[in-house]
Amino acid sequence: MTAARTGTAAVEAVGIHKSFGPTHALRGIDLALEPGRCLGLVGRNGAGKSTLVSILSGLLAADAGGVRFGGEPAPPAGAVHAWRERIATVHQHSMVVPDLTVAENVFLGRLRQRRGAPGWRPVAWRAVRAEARRTLADWGLDIDADAPCRGLTVEQRQLVEIARAVASGSRCLLLDEPTAALEHDAVGRLFERVRQLTASGVAVLYISHHLEEVFEICDEVAVLRDGSLVLSAPAGELSRERLVAAMVGPVPVREIDERLSQLDLSGARAEEAATAGHLLEVRDLAAESPHGALHEVSLQVAAGEQVGVVGLISSGVVTLGRIVAGADRADAGAVLLAGRALKNGRRDAALRAGVGYIPEDRRAEGFVGLLSIAENVTMTVADRLARAGRGVLAPRALERAAAPLAGALSVAAASLKQPVAELSGGNQQKVTVARALIRDPKLVVAVTPTRGVDVASKELLLGALRAAAERGAGVLLATDDLDDIEHCDRVVVLVRGRVAARFRRAGGSGAPFDREALIAATEGLDAPQPREQAQPHPREQPQGPDELDREDGRA
Amino acid sequence: MSETKSEHRADSASGAAAIPGDRGGPANSNDPGGPSGPGGLFARIGARTAQRSPAAVSWFRQAALLPVLVVILVVGALQSSAFFTVNNLVSGVGQQVSALGVTVVGESLILLIGGMDLSLESTYGLAPMIAAWLIVPKLAFGSGAMLSPYLGILILLAIGAAVGLVNGLLIVKVRLNGFIVTLGMTVLLAGVQNGVVHGQSPYELPSAFSYLGNAFVGQVPVSLLVAGAIFVLTGVFLRYHRVGRSIYAIGGNPEAARAAGIKVDRVKIGVYVAGSVFAALGGLMEAGKVSSVTVQQGYQEGIIFTVFAAAVIGGVSLRGGRGGMVGAASGVILLGLVQNVIDLAQVSNYWQLAISGTVILFALALARVVGGEASAD
């Protein structure tokens with residue numbers, strides 16, 4: 001049936017523009033996906049991938065341009081069933097309903113009905129089950145159609161979603177970060193399925209952060225950067241270096257030997273030699289977590305040192321930060337502060353031991369919106385203030401205690417009595433930071449502290465962490481934003497919950513870290529590998545780090 | 001990195017523009033005051049409350065019932081010459097609302113941490129029942145143990161604490177749903193209350209046991225003094241004590257409280273214990289007032305609805321983190337006055353419930369209008 005369409009793109013984006021307020025998310029995207037081919041779509045966070053996926057799957061309407069399926073214009077926005085018949089998406093996070101059976105999930109939203117009066121057309125259960133069984137068998141999926149999805153593994157749930165996609169009759173499949181939650185062996189099996197699908201004429205758009213997967217499975221690769229398609233080429237003709245360069249963008253050429261000097265090729269060994277006397281020691285930490293799993297992660301932070309832990313958002317950086325702060329439990333391993341083990345998963349104990357915590361999700365964990373700035377800032381020192389006030393926490397005493405730090409961080413508010421819910425996002429973040437710093441912690445754990453704040457606030461927040469380090473505190477900065485680690489002394493890169501690379505800050509006037517090597521490491525180009533080989537390869541690369549970034553910081 | 005670069009530029013432009021404005025005051029300082037037209041008045045009231053400092057807002061919200069109280073006082077005075085007397089308002093209404101009031105303090109604390117406890121009404125009946133059963137003679141439907149009344153009061157408080165502890169552990173540690181746990185508990189406790197005395201009502205309570213409920217200092221009931229003291233002390237505790245403040249933090253955002261190092265679980269369990277102890281104490285007042293513990297006391301009277309109504313009318317949010325003792329007290333006083341007016345007006349017994357219900361709904365709506373969006377939710 002696809003033979004008739006050969007030569008015509010299964011799905012085609014024509015001149016797509018999309019803006020969200022002042023943000024120009026997509027600037028004229030032309031993209032064609034041929035039947036039976038697998039196209040890899042890559043780009044850094046914010047490049048426009050999600051917007052493009054939403055438009056291709058009919059969830060968002062483009063401002064200009066359009067989508068065509070097999071040469072015909074796409075259904076109108078909102079015609080969900082018509083879109084589903086043409087293109088199906090398998091999302092990064094499972095979209096199966098756990099309490100329904102496999103068969104019901106495969107035909108979710110389009111269960112076959114018997115004939116009957118309008119308004120009363122009972123579900124034809126026998127036909128639904130038989131059809132689901134046939135679809136599963138056709139694709140060699142060994143899943144019981146009558147089993148509830150709750151009992152399925154992550155991999156099996158994904159297969160149910162793929163079965164749903166093919167059962168809807170669509171000949172286009174969008175796979176959005178399909179391997180993010182899969183174990184290593186399951187990734188290989190998924191690739192088998194993808195090859196099976198393309199062999200049968202299905203067009204697959206494969207979105208991934210893991211570039212090595214793209215090279216393995218995709219026929220072509222398209223790179224999005226800043227809302228534009230900057231590169232589109234057969235995978236076989238692309239080098240990794242060229243791909244990374246396209247993702248990162250044009251930057252001034254730099255001296256190669258200088259860049260080499262920035263790489264800490266002996267990082268792991270140097271650390272092992274100097275374990276004694278570290279402020280923070282994380283030993284063989286392992287955990288399962290919705291924020292990303294961890295496997296045997298070890299690192300140290302010295303007093304006065306700022307250590308960045310970077311990685312993609314599901315790589316485990318957030319989990320690591322939360323466990324060190326005591327906000328989550330580890331399944332194995334230990335967190336030692338000044339040689340003493342912290343109680344696992346006990347935030348209150350960690351606070352008293354001297355760990356300040358700037359959580360990832362401010363709204364969820366950073367502050368109590370109904371309460372005043374003063375009260376939020378002093379929340380971590382309420383025990384000390386109460387002792388000083390002989391058991392009484394007077395509102396004025398709270399304000400006096402909060403004022404210096406709120407002033408230093410220039411929290412903009414009518415007064416310290418103002419409820420935090422009324423502040424702007426940046427000011428709320430400052431309150432969260434002040435709350436962490438007011439106890440004068442020995443160690444500050446900051447998880448993505450600059451997300452969603454403007455550039456001025458960003459500098460201020462990073463400056464506050466640097467100031468804490470200068471006072472002798474250790475700083476553990478867990479983030480997915482490479483701009484955050486500019487002040488760090490060392491950087492540990494996590495990929496899929498394992499340490500993939502370690503970098504040490506370069507001396508001299510150049511950029512502190514080689515961004516390209518960092519990006520390559522976080523995108524999994526050199527990982528996961530055993531730690532002995534875990535250094536990023538100092539390959540010949542045409543470009544160096546972006547120096548303009550620091551100019552922007554000053555502006 | 002042209003991508004990040006352009007983001008920075010856009011950000012710094014908007015950031016530079018935003019900062020001076022930010023320093024000028026709160027985001028809503030130049031809010032024109034809501035739209036005009038139908039509903040404009042209410043919107044304007046809401047906007048105005050939003051501009052007050054939090055302390056002023058909370059006083060404003062808590063005082064939202066004052067106009068209603070004034071209306072009821074006027075209606076009561078017009079209705080009956082006996083209404084506006086010390087004998088009626090202080091001795092009568094005062095004694096009547098004390099037991100309810102102490103229980104409302106308990107429920108308010110639990111609501112403030114974002115919980116709810118339906119079993120307070122059964123604790124209110126069971127704790128004095130067991131205590132009375134242990135201290136009165138067999139002829140007065142006691143167990144025959146004839147314990148000292150003081151020991152009886154200790155047992156009563158201990159029963160309250162034990163019920164609260166079990167509720168707290170089941171809800172906080174076992175992570176069961178608070179509504180269902182306390183629903184099951186309230187039925188269980190009411191069953192025990194009935195079963196232990198085979199449906200009889202122990203009487204002849206020793207004076208030490210009934211003192212709290214029926215003694216007077218001059219014309220002022222002791223129960224009113226004690227209830228008033230509990231309201232004031234709890235209010236001060238909530239406002240000035242570290243644990244009191246952490247109750248608001250937990251109710252407002254439990255995850256933020258946990259991240260700030262507050263021992264969320266411990267405080268929550270403590271609040272469930274305190275709430276049940278207050279309910280037991282309220283039950284002791286009620287028992288003393290009528291000199292007996294009836295099987296109906298608590299669960300079968302359905303007092304939990306009045307308890308919730310008083311707290312919520314008084315501005316204690318069912319979603320946690322909002323409200324205080326001034327509001328809770330005014331809710332209790334309001335419901336007490338309404339009952340008193342209905343009694344004095346000699347309304348037919350058959351219609352009393354309907355009138356109470358109407359008044360509760362009316363008071364809720366009025367509190368919402370006067371107190372703005374956030375009240376009475």
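Two residues are in contact if their C-beta atoms, placed from the backbone, lie within 7 Å. In this predicted model, and leaving aside neighbours within four places in sequence, Leu476(A) is in contact with Leu280(A), Val301(A), Val307(A), Val309(A), Gly321(A), Val324(A), Leu443(A) and Val445(A). Leu476(A) and Tyr206(A) are the residues that touch the most other members of the largest nonpolar core, which holds 259 residues. Helix α13 of chain B, residues 264–290, supplies the largest share of this core, with 14 residues. In soluble globular proteins, nonpolar side chains tend to be buried together.

Chain A contains 20 helices and 20 strands, and 50% of its 555 residues count as buried. Among the contacts in chain A with a separation of 6 or more, 70% are between residues 24 or more positions apart. The chain is divided into the domains listed here.

| Domain of chain A | Residues |
|---|---|
| Domain 1 | 3–96 + 170–248 |
| Domain 2 | 97–151 |
| Domain 3 | 256–354 + 441–554 |
| Domain 4 | 362–438 |

Taken over C-alpha atoms, the centres of domain 1 and domain 4 of chain A are separated by 46 Å.

In chain B, helix α11 (residues 242–252) is largely enclosed by the rest of the structure, because 9 of its 11 residues are buried. The buried residues of α11(B) include Arg242(B), Arg245(B), Ile247(B) and Tyr248(B), and the buried residues of this helix pack against α14 (373–377) and α15 (382–388) of chain A, as well as against α5 (86–112), α10 (222–240), α12 (254–259) and α13 of chain B.

Notes: Residues numbered from 1 in each chain as written. Chains lettered and ligands numbered in written order. Predicted model: local features only at pLDDT ≥ 70, side-chain atom pairs only at ≥ 80, totals over all residues. Core = buried A, V, L, I, M, F, W, Y, C linked by C-beta atoms within 7 Å. Buried ≥ 20, exposed ≤ 12 C-beta atoms within 10 Å, placed from the backbone. Helix = DSSP H or I, 4+ residues; strand = E, 2+ residues; numbered from the N terminus. Domains from an automatic or database assignment.
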